[in-house]
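Work through the exercises below with the sequence and the model open. Try each task before reading its solution.

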Amino acid sequence: MTTRQPNAETDLLPLVAQGDQHAVKACLDRYGSLVWSLARRMCRNTVDAEDAVQEIFVSIWKNADRFDPERGSEVTFVATIARRRLIDRVRRIGRRPAESTIDTGMPMVDTAEQAEAPALLRDEVAVARAALAELNDEQRRVLQMSIGLGLSHEKIAEATGIPLGTVKTHIRRGLIRVRGMIEDQRAQRARGAEA
Amino acid sequence: MTGQGLPTDDRLVELLAMRAVEGIDADALRQLGDWADCDQLDEAAGVLAIGMIADQLEPMPEMIRANLDRVALAYSGIDPDAPASPLAMPDSIRIEPAAGVSTRSVAWIGAAGWLAAAACLLLAVLAWTSGRTTPTPSPAERAVALASRPGVIRSNWLGLDDASLAEAPHRFDAQLKGEVLWDPETNEGYMVFEGLAANDPTEYQYQLWIFDAERPTGELPEYGDGILSQCPVDGGVFDAAGTGRIVIPINAKLPIGKAAIFAVTVEPPGGVVVSKRDIVALAMVQ
């Protein structure tokens with residue numbers, strides 16, 4: 001393990017992959033709030049969320065050498081690993097079972113709300129908001145219910161009356177659209193770096 | 001993250017999308033084949049999740065952050081408590097392994113001193129107990145011991161003529177008797193039955209559900225299908241070998257804050273995540 005102090009402006013994961021112990025801990029400073037907030041939303045209770053956060057950070061450190069700054073941002077890499085671990089965990093431990101009572105007035109993310117995002121997340125938030133703004137109301141609502149609230153495809157169909165196949169299509173197309181915007185953002189960055 | 005595009009096969013794209021938002025099973029993962037490494041839609045879902053949560057970030061609680069610092073040290077090969085004794089081993093380093101990955105073992109890197117000392121302690125305990133012949137208490141004996149503890153809740157299974165069941169869908173056995181014993185402090189409990197029909201585990205099993213008065217408020221987050229309704233905690237699947245008196249340990253899958261109702265349902269072998277509420281026994285905590 002080396003002891004070089006990481007710069008706050010640099011990516012941490014390449015340093016983690018090199019065995020920098022300060023970078024290992026700095027990941028907690030930089031991404032702790034994001035990972036904790038994701039875990040709190042997806043886990044059943046604080047104890048479960050704490051276990052999940054530990055599992056996520058160990059996974060991030062172990063996979064640090066897979067992070068390629070040319071391909072995407074570190075925060076996206078972290079969020080992707082966090083969500084995958086959390087989804088695995090939800091499947092392993094089980095979702096909280098649901099009954100048939102559907103509250104169609106459930107709280108939704110207000111895309112009109114344009115509060116300033118934390119600097120660390122600004123690019124990702126901009127892409128997410130731009131992508132959601134391009135979708136029609138039904139598509140946006142389905143994506144928010146799936147990713148924001150964690151509802152299964154079946155429950156979304158049940159809650160909204162939208163056919164299950166259409167729910168799947170909305171989610172698939174929404175994700176593909178966001179992926180396209182991420183690619184565009186990367187291309188812009190690459191051009192900016194070349195200029 | 002992989003640099004490949006998306007598959008041209010719509011079915012594979014649908015599986016990747018499904019994996020990104022709610023996960024897929026092993027069979028679906030096999031169907032993805034080489035595309036299993038494609039995480040572009042996972043990234044997209046991650047970006048959307050960031051967009052949806054950015055305005056609601058919560059700081060990590062100090063205690064949890066302190067525990068994570070210790071995990072970070074252990075990961076870096078530094079004993080976070082050196083030269084601590086094995087009894088000072090932190091509870092917080094208890095990472096559940098992800099599929100195929102033993103994260104717990106990673107967290108223990110550098111804890112060789114602890115492990116050696118713990119091994120010595122274990123050997124000492126084994127040596128001390130090797131000459132003993134004390135048998136493991138049966139569930140019935142443990143239930144009796146539990147019943148003597150202060151604060152333990154005891155609730156009888158309700159009878160068919162109980163007014164509180166007048167509107168409930170059920171198929172109670174009129175002959176069923178017994179009670180639930182539950183220690184709210186330790187979350188240890190037992191079900192005592194007399195007259196519960198013997199089941200063939202290959203056809204159906206019994207499953208206990210515990211309704212916690214502190215859920216879904218309390219600290220439960222607003223995420224997942226469970227937000228749509230009040231939901232009980234799985235208390236374990238069990239069998240009845242005969243209609244005589246049987247004692248079944250309760251195996252709550254989550255901590256119970258305030259047990260309100262214990263319900264036993266008939267379920268397919270192995271139990272279920274979502275019950276159809278085919279209730280055969282019900283006990284309400286007064």
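**Exercise 1.** Which residue in β3(B) does B:Leu181 stand opposite?

*Solution.* B:Leu181 faces B:Tyr190 in β3(B). The two strands concerned are β2 (residues 177-183) and β3 (residues 188-194) of chain B, which run antiparallel and are joined by seven bridges. Strands count as paired if DSSP finds at least two bridges between them; strands (E, at least two residues) and helices (H or I, at least four) are DSSP runs numbered from the N terminus.

The model is a predicted one, in which local features need pLDDT of at least 70 and side-chain atom pairs count only at pLDDT 80 or more, while totals for chains, interfaces and linings use all residues. Residues are numbered from 1 along each chain as its sequence is written, chains are lettered from A and ligands numbered from 1 in the order in which they are written, and side-chain values use heavy atoms, without hydrogens and water.

**Exercise 2.** Place the strands in their sheet and find what packs on it.

*Solution.*
1. The order in this open sheet of four strands is β1-β2-β3-β6 (chain B), with antiparallel pairing.
2. β1 (153-156) and β6 (245-249) of chain B each have a single partner strand, so one side of each lacks a neighbour in the sheet.
3. From one strand to the next, the twist averages 15 degrees.
4. Helix α7 (residues 139-147) of chain B packs on the sheet and touches β1, β2, β3 and β6 of chain B. Its direction makes about 115 degrees with that of β3(B). Contact means heavy atoms within 4.5 Å; axes are lines fitted to C-alpha atoms, for helices over the stretch in contact, and angles run from 0 to 180 degrees between N-to-C directions.

**Exercise 3.** Check the length of helix α5 (residues 122-134) of chain A.

*Solution.*
1. The expected span is 1.5 Å times one less than the number of residues.
2. For the 13 residues of α5 of chain A this should give 18 Å, and the end C-alpha atoms are 18 Å apart, which agrees.
3. Buried residues (under 20% relative accessible area, 1.4 Å probe, protein chains only) in α5(A) include A:Val125, A:Ala128 and A:Leu132.

**Exercise 4.** Where in chain B is the predictor's confidence lowest and highest among the elements?

*Solution.*
1. pLDDT, the confidence in each residue, runs from 0 to 100; its mean for chain B is 72, and 65% of the residues reach 70 or more.
2. Helix α5 (residues 103-107) of chain B has the lowest mean (30), and helix α1 (residues 10-21) of chain B the highest (94).
3. Over residues 83-134 of chain B, pLDDT stays under 50.

Notes:
Buried < 20%, exposed > 50% of the residue type's maximum accessible area, 1.4 Å probe, protein only.
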